[in-house]
Amino acid sequence: MSTSSTIYVGAAQDWNLVLYVSAVLTALLARKWKRNILLWAAIGFLVPYLSIVILRVVVARATPTLKKYLDANPGCSTGHGVACNRCGSRSIRLWVREGVLSNEKQHLCNHCGTHLYST
């Protein structure tokens with residue numbers, strides 16, 4: 001076996017390792033951030049490194065949980081539920097968002113349409 005073919009085989013094995021590490025890392029991050037694990041692992045395998053950045057952007061745009069929403073807006077906690085931080089309405093509707101990238105329930109204000117929190 002020549003030196004050039006040995007280098008090529010070694011480089012291919014290193015690239016395979018990069019693909020597997022990227023897929024595993026993306027799956028672990030997707031699990032931590034409550035996203036679809038299998039989908040993000042596949043994306044991580046096909047598009048290494050970029051998938052981690054894309055997943056982080058998707059998570060950064062996510063709405064807060066109820067606990068984070070109430071911590072940020074303590075005046076919105078009422079004896080009868082939760083109020084909107086923008087208009088003060090207690091009329092909140094549930095909108096289920098089921099997609100390829102996430103499955104979550106969004107709670108929206110009926111009056112002004114503000115995304116309040118997700119569960």
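Hi everyone, this is a short walk through one protein chain, from its overall layout to a few local details.

Before we start, please keep in mind that this is a predicted model: local features need pLDDT of at least 70, side-chain atom pairs count only at pLDDT 80 or more, and totals for chains, interfaces and linings use all residues. Residues are numbered from 1 along each chain as its sequence is written, and side-chain values use heavy atoms, with hydrogens and water left out.

Let's begin with the overall layout. The protein chain has four helices and five strands; here helices (H or I, at least four residues) and strands (E, at least two) are DSSP runs, numbered from the N terminus. Reading along the sequence, you get the pattern α-α-α-α-β-β-β-β-β. Of the 119 residues in the protein chain, 28% are buried. By buried I mean under 20% relative accessible area, with exposed being over 50% and partly exposed in between (1.4 Å probe, protein chains only). The chain exposes about 8100 Å², and carbon and sulfur atoms supply 62% of that; accessible areas come from the Shrake-Rupley method with a 1.4 Å probe, and for residues only the protein chains shown count as cover. As for contacts, meaning heavy atoms within 4.5 Å, residues 24 or more positions apart account for 37% of those with a separation of 6 or more.

Now over to helix α2. Which residues of α2 are buried? In this helix, residues 37-46, they are W40, A41 and G44. They cover an arc of only 105° around the axis, which puts them on the same side of α2; the arc is that of the directions from the helix axis to the C-beta atoms. On the other side of α2, L38 and L46 are exposed.

K34 sits in the loop between α1 (3-32) and α2, and K34 has a positive phi of about 60° although it is not a glycine. Most residues other than glycine have a negative phi. K34 is also exposed, at 70% relative accessibility.

Let's turn to the surface. Y20, F45, L46, V47, L50 and I54 form a nonpolar patch with about 570 Å² of accessible area together. Patches are made of residues with over 30% relative accessible area and no salt bridge, with like charges joined within 9 Å and nonpolar side chains (Val, Leu, Ile, Met, Phe, Trp, Tyr) within 5 Å. Helices α2 and α3 (50-60) each supply at least two residues of the patch. V47 lies in the loop between these two helices, and V47 counts as partly exposed, at 33% relative accessibility.

On to charges. How many salt bridges does a search of the whole structure find? It finds one, where a salt bridge is a side-chain nitrogen of Lys or Arg within 4 Å of a carboxyl oxygen of Asp or Glu. The partners are D71 and K67, at 3.3 Å, N to O. They are four residues apart in helix α4 (residues 66-72), so about one helical turn separates them. D71 is exposed at 54% relative accessibility, and K67 is exposed at 59%.

Also in helix α4 is L70, partly exposed with a relative accessible area of 24%. Leaving aside neighbours within four places in sequence, L70 is in contact with C76, S77 and V82. L70 and V82 are twelve residues apart along the chain, and their C-alpha atoms are separated by 8.3 Å.

Last stop, the strands. T78 belongs to strand β1 (residues 77-78) and is partly exposed, at 28%. Not counting residues up to four places away in sequence, T78 touches A83 and R90. A polar atom of the T78 side chain lies 2.8 Å from the backbone oxygen of G81. G81 itself is in strand β2 (residues 81-82) and is partly exposed, at 31% relative accessibility. Finally, G81 and I92 are eleven residues apart in sequence and 9.4 Å apart in space, C-alpha to C-alpha.

Terms used
A polar contact is a pair of N or O atoms within 3.5 Å; within protein, one must be able to donate a hydrogen and the other to accept it, and residues adjacent in sequence count only if both atoms are side-chain atoms.
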